[in-house]
Amino acid sequence: MRRNPRELEQLNRVSSRRALLLAGVQLAFVGGLAMRMRYLQVEQADQFRLLAEENRVNIRLIPPTRGKIFDRNGNVLAQNVQSYRIVIVREDAGDVERVLADLSELIPLDPEDLERARAEMQRSPPFLPVSLADRISWEDISKVAVNAPALPGITPEVGLTRVYPRGADFAHVVGYVGPVSDYDLSKIEDPEPVLRIPRFQIGKVGLEAKREVMLRGKAGAKRVEVNATGRVMRELDRREGQPGADLQLSVDADLQGYVQARLGSESASAVVIDCETGDLRAISSSPSFDPNLFVRGISVTDYRTLTEDIHRPLASKTVQGLYPPGSTFKMITAMAALEEGLIGPEDTVWCPGYLEVSGRRFHCWKRGGHGHLNLEGSLKQSCDVYFYDLALKVGIDKISAMAQQFGLGIHHDVPMSAVASGLAPDRAWKKRVHGAEWLIGDTANAAIGQGYMLASPMQLAVMTARLATGRDLTPRLIKSIDGIEQPSHGGAPLGVNENNLRTLRKAMYAVSNDRRGTAYGSRIIEDAFRMAGKTGTSQVRNITTAERAAGVTRNADLPWNRRDHALFVCFAPYDKPKYAVSVVVEHGGGGSSVAAPVGRDVMLQALYGDTPPLAAYPSKDRSRIKAQQDRLHRERLRVQQEQSGRA
Amino acid sequence: MSYLEHRVKSTPSGLRKVLYLNWPLALLLISVAGVGVLMLYSVAGGSFSPWADPQIKRFALGFVVMIAIAMVPIWFWRNMAALAYGVSVLLLVGVELFGTVGMGAQRWIDLGFMRLQPSELTKITLVMLLAAYYDWLPAERTSRPLWVLLPVLFILVPTALVLKQPDLGTAILLMAAGGAILFVAGVHWAYFAAVIAAGIGLVTAVFESRGTPWQLLKDYQYRRIDTFLDPGSDPLGAGYHITQSKIALGSGGWTGRGFMQGTQSRLNFLPEKHTDFIFTTLAEEFGFVGGMSLLTLYGLIILFCIASALATRDRFSSLVTLGIAVNFFLFFAVNMSMVMGLAPVVGVPLPMVSYGGSAMLVLMAAFGIVQSAHVHRPR
């Protein structure tokens, strides 16, 4: 509309005034915003910068690479292999069952694995990945990766898996690893954070457990930038951890494999110890099991098969198994008597088939008696009465002390699970443990390695090696750590009379080389490798008088678990001992018929470092030995094929 | 015939008008838009997609629209004011009836090539209508109650419709911008005193009504207010925006982390990092210096508009320019206050910088009117 200039002038004056006022207000507000910005960005910058870092930076642990384990020749016993697995995140999968059905159409899935995964998903929070299948082949993992869009929540993952290429051969020595359990954590004081990484694996059994800290190494850490949902965007920096130490064992994997095969399906164990260094060259327990099963997570059926087997495959019999040493103990009784000067090597004892001790008859294994016997004769024929007589003269405390001097009844620090100390009893022990007086009959039993006397196969091997060398060798399992040679314990002289040792060695030589010796059938013909040994047959039950009257039941007629244990210890070459071997066949029967041949075969294998020539065997056995060698060779080939497939 | 039409012959005509544009203002707008593109590029992790590229195209379109509008004489726009206002109110009703629900509120109509947000349009058309009204109103009636009631109704009708969507931010902006024009037009100060008193009463009522059946705001709106008053009370829930936004801002320091080095916004700690919270990215990456630069640009835009308004003797031109300036000011003032934790989180974008087509186009059109007033000012 038309306005007159005066009115317009007035209106504009008012408007201009107010517009300037408004402009002032606006500028004041802008100034206020600037002040606020200054406050936040300049005065409080440090605090907010810190908060921003906390927002953005996460510290992640880098699990260390577990140390490898080798045998003395550099063969791999335990290593880490890249493996592919498939995990599912419940939260992302949505309809889990449908996704699983789709997946099983694509690749083969073990129903038992699936069942376990379902159970785990029930337990764990929905955002945690649960493993569906382990050790997937490259083809299968590619199939899954290609079809990823159709499989929500399914991710292929790369990880390191512990693999034991030698499988059952080293199950008891090396042991195995498994995921950290709550029980494991509860046992460790102030556990390292790395143990709390889901599915982190630690040693459960054997060397893996005993040298866990060394093998595990130190975890590194990396700082990563994460976004609001926790997804890692990039790595900022990292502090490398320290990989676990590589361990080299004193064991010879090929010899171990041979021993394992030679023991076969018997419930048995054998130890080969180096007489110069104390190195354990083979330490085999049979039957064994595949430790790789445990790494994967063993199925209930497999586990039940292992636990219900009466031959106890899970037990590490070489160090954990305790047996009455039987006649193999007789050297110790003799040694005690010789050291005390109570007998001379040529002094004889009359064996009528029994010895009467305070009204009770202690029988010799040979009912008719051996007649007059000196030390060599009694050891050769394993006469019990001779040793009853010696023991009663020398007394249990001296025998027990001698046993301990030769490595029985004491703890040998070998990094394996459940290493047993055995028992070399004396008066004080019985008083302490049983609260009873030591009886003269106890001494008689102890004299022939029965009664309270208990030893592990490894201890028997140590005993034999000490007899052979006169030095206090101690067993060594770890040869070097990260290439640094560990001290061996060739040992100082035992402090016993060398002549007495020589006498005993000579007697042991007779055991396996004299026509009347109990191990004559298992002699070595090769002159350079002549073997000295001692058989043992230890009872696991008392033979009652009534039984004895009715005629002793033949071993073979008894149920398996009541039969005698068969034992054999030996060393060779006789004049310059290289190895000592102990063999225990649980409920195997007679030491000379069952254990001694095994001991001889193992010894020859160790001495030759390979299949021994038939010339080393007595000529009449050669055809049988040939057949056995061929059979074992085929068996080894089969196992090796299995093992290389695993690696 | 108005004074303006009387002197039309001395104003430039034809393409020569382009030379008479308020070029400093245009350059300021280009600068601000440039900052926006830069930030969108950074937020996308150094990529023109998905935000920077469309933003450039929209700004180019907006710039053309601005010049096109500027070429049309200002009196045409004055004559169109009532019609434009009517259309935008009808569109608001249309949104209510047929609109698309986005982000929990009915806000836009899908036109195919773009989503029209009628509430954005209304901010401008309301300013145009009020300016035209006071251009027409004889001076002595300015403060008469009946003649004050009419513009108040003009303001309240769209405000009520916007509030119903519900879009509290735009509603407040509409009222504030409308009120500013009434103030500048010379309505007696007693009215404003009364309105402010009533406003305080209303705020009291809003808080008193909470939890009762006649509750005046939606629950989420109350929560936003709570969060604003004490962001620490729920740092991962409703207070998350404000806390994270302050962290991002504060961690910028004096000069910032450097272009593309911002962590908080690009790592998604901040939702809506490319829209309402884009200022945090700028402040984090360029620090206090960067933030102040943008604030200065905004301040200069306001000053140039006010200078232009004061320079013209045409009442419509003057009022419409001031109204648009106030609108623009409210935009960035509310957004920045919100980002800096001075105001509750209301959905108001940072003008010319935040990603979004509708708001930018409407703003550029508004500046087209400012430019038209400048070009066609009586000389």
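Predicted model: local features only at pLDDT ≥ 70, side-chain atom pairs only at ≥ 80, totals over all residues.
**Chain B**

Chain B contains 13 helices and three strands. Of its 379 residues, 52% count as buried. When contacts in chain B between residues at least 6 apart in sequence are considered, 71% of them join residues at least 24 apart.

An unreviewed UniProt entry lists residues 20-44, 56-76, 82-101, 145-163, 175-207, 286-307, 319-346 and 352-370 of chain B under "transmembrane region". Two of these listed stretches can be set against the model. Residues 56-76 of chain B are 90% helix and 0% strand, and the end C-alpha atoms of this stretch lie 30 Å apart. Residues 145-163 of chain B are 100% helix and 0% strand, with end C-alpha atoms 26 Å apart.

Helix α6 of chain B covers residues 145-164. At 1.5 Å a residue, its 20 residues should span 28 Å, and the end C-alpha atoms are 27 Å apart, which agrees. The buried residues of α6(B) are B:Pro151, B:Phe154, B:Ile155, B:Pro158, B:Thr159, B:Leu161 and B:Val162. An α-helix has 3.6 residues a turn, so residues three or four places apart point the same way. The buried residues of α6(B) pack against α4 (74-98), α5 (118-136) and α7 of chain B.

**Contact between the chains**

In the interface, 46 residues of chain B are in contact with 39 residues of chain A. On the side of chain B that touches chain A, at least two residues each come from α7 (168-185), α10 (240-250), α11 (278-311) and α12 (315-339) of chain B. The greatest contribution to this side is that of α11(B), with eleven residues. By residue class, the side of chain B that touches chain A divides into 29 nonpolar, 14 polar and three charged residues.

**Helices of chain A**

Two packed helices are described by the angle between their axes and the distance between the axes. In chain A, helix α15 (residues 330-340) packs with helix α22 (residues 498-513) at an angle of about 145°, and the axes are 10 Å apart. The crossing of α15(A) and α22(A) is right-handed. From α15(A), the contact is made by A:Met331, A:Ala334, A:Met335, A:Leu338 and A:Glu339; from α22(A), it is made by A:Asn500, A:Thr503 and A:Leu504. The residues of this contact divide into five nonpolar, two polar and one charged.

Helix α24 of chain A, residues 591-608, has 18 residues and should span 26 Å at 1.5 Å a residue; its end C-alpha atoms are 24 Å apart, which agrees. This helix is mostly covered, with 16 of its 18 residues buried. A:Gly609 follows α24(A) and has a positive phi, near 75°.

A:Gln459 belongs to helix α21 (residues 457-469) of chain A.

**Backbone features in loops**

| Residue(s) | Feature | Value |
|---|---|---|
| A:Ala572 and A:Pro573 | cis peptide bond | omega about -15° |
| B:Ser49 and B:Pro50 | cis peptide bond | omega about 5° |
| A:Arg312 | positive phi | phi about 50° |
| A:Asp482 | positive phi | phi about 50° |

A:Pro573 lies in the loop between β22 (565-572) and β23 (579-585) of chain A. B:Pro50 is in the loop between α2 (23-43) and α3 (52-71) of chain B.

A:Arg312 sits in the loop between α13 (300-308) and α14 (317-320) of chain A. With 17 C-beta neighbours inside 10 Å, A:Arg312 counts as partly exposed. A:Asp482 is in the loop between β19 (478-481) and β20 (484-485) of chain A. A:Asp482 is exposed, because 12 other C-beta atoms lie within 10 Å, and a residue with 12 or fewer counts as exposed.

Definitions and conventions. Residues numbered from 1 in each chain as written. Chains lettered and ligands numbered in written order. Axes fitted to C-alpha atoms, helices over the stretch in contact; angles between N-to-C directions. Helix = DSSP H or I, 4+ residues; strand = E, 2+ residues; numbered from the N terminus. Left-handed = near helix turned anticlockwise from the far one by under 90°. Contact = placed C-beta atoms within 7 Å. Nonpolar A, V, L, I, M, F, W, Y, C, P; charged D, E, K, R; others polar. UniProt positions renumbered as here; feature names shortened; annotations may be inferred. Expected span 1.5 Å × (residues − 1). Buried ≥ 20, exposed ≤ 12 C-beta atoms within 10 Å, placed from the backbone.
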